[in-house]
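Trainee: Please take a close look at one part of this model for me. I would like the metal site, and then its surroundings.

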Amino acid sequence: MEISSELLKVIKSAKKVCVLTGAGISAESGVPTFRGGGNSAVWKGMPFDQISSARMVRENLAEVWEWFDYRRGVLQNCQPNAAHFALAKWQKKFEDFTLVTQNIDGLHTRAGSEDLLELHGNINRSYCTNCEKRFQMNAEDIPHKPDSCDECGAKVRPDVVLFGEILPLEVFRKAEQKSRECDLFFIIGTSALVYPAAGLAEIAKYSGAKLIEINPEDTPLTDFCDFQIREKAGEFLPSLTVFML
Ligand code: BJW
Ligand code: ZN
């Protein structure tokens, strides 16, 4: 795999590095992406942005759970891939390193990444729709447990950020701060269509960081980037990591 000397120079001189990942980084683990023929775009005839919405939680929570339990089942057969492991190594390679993900699959953590900023929640957590008590689920429990809150008896819902919902404030603030402060920002495996997550790359660029995109396809941010790597994350990141050593 060819890696330009210019790219290596930028990476080797970077001190504060921020990485934003999306569904594409887990594609090689067998987790379906949302867009671009990733296979999870439709569930029972419903587009995913309809079922993964705040409105659906209010109107048909049982069906929302069915969709998330189905995906928790898919994840039982998925392991972190070479891209997740490469990024776990990066946390020791830079003076300051921040990993921000839109993914809810927990694969970065399973690969050894620490202090992960999960913008859209986690598929193995839930919270009470009334008192907001949080629950950690066992990945093996399908269907999910518990179904209702042990404090107040109300129904629990997945702890994921659906369309029309606010991102966890502290997590987003930290991601925003790190994007503003970094000198190098990677955008890996995301279609960069969903905001405010995609806006982090814009914050980084306007604050003076160099932007590197790793994605086999173009995105709306491609022309905005300093380097565009048209490769699969699981193939490119391990090679890059070897050169970085
Ligand atoms: C590979 C690869 C390989 C393949 N290697 N790459 C500004 C303008 C317009 C609208 C908005 C705006 N700001 C906010 C909005 C509304 C909305 C939004 O962004 N809509 C746009 C779609 C238009 N945003 C929200 O609603 C957010 N909330 C919010 O803004 O709150 C404030 C507010 C509230 C109320 C009113 C007004 C404001 C919340 C967004 C939450 C997103 N949630 C989801 C679902 C989570 C639960 C679930 O999993 O079901 O999160 S949507 C879905 O998209 C999921 C993902 O995290 C997210 C991003 O997708 P991602 O990761 O980019 O995946 P894909 O599939 O799109 O792309 C995969 C990429 O990988 C592709 O590019 C491939 O090429 C690539 N790839 N193999 C590397 N091997
Ligand atoms: Zn409760």
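**The zinc site and its domain setting**

Mentor: Start with the pattern along the chain. The donors of the zinc ion (ligand 2) are spaced as C-x2-C-x17-C-x2-C. Keep in mind that this is a predicted model. The residues behind that pattern are C128, C131, C149 and C152. Each coordinates the zinc ion (ligand 2) through its SG atom, at 2.3 to 2.4 Å.

Now the geometry. The angles subtended by the four donor atoms at the zinc ion (ligand 2) run from 95 to 122°, so the arrangement is tetrahedral. The rule asks that all angles lie between 85 and 135 degrees. For reference, the ideal angle for four tetrahedral donors is 109.5 degrees.

C149 has 5% relative accessibility, so C149 counts as buried. C152 has 34%, so C152 counts as partly exposed. The cut-off for buried is under 20%.

Now step back to the domains. Domain 2 covers 41-77 and 127-160. Domain 1 is made of 5-31, 80-120 and 167-244. Their C-alpha centres are 27 Å apart. Six residues of domain 1 touch six residues of domain 2. About 390 Å² is buried between domain 1 and domain 2, and carbon and sulfur atoms give 68% of that area. On the domain 1 side, I104, D105 and H120 supply 65% of the area buried against domain 2, more than any other three residues there.

How values were computed
Residues numbered from 1 in each chain as written. Chains lettered and ligands numbered in written order. Predicted model: local features only at pLDDT ≥ 70, side-chain atom pairs only at ≥ 80, totals over all residues. Heavy atoms only, no water. Donors = N, O, S within 2.8 Å, 3.2 Å for Na, K, Ca; no water. Tetrahedral: all angles 85-135°; square planar, octahedral: opposite > 155°, others 65-115°. Buried < 20%, exposed > 50% of the residue type's maximum accessible area, 1.4 Å probe, protein only. Domains from an automatic or database assignment. Contact = heavy atoms within 4.5 Å. Buried area = accessible area lost by both parts, 1.4 Å probe.
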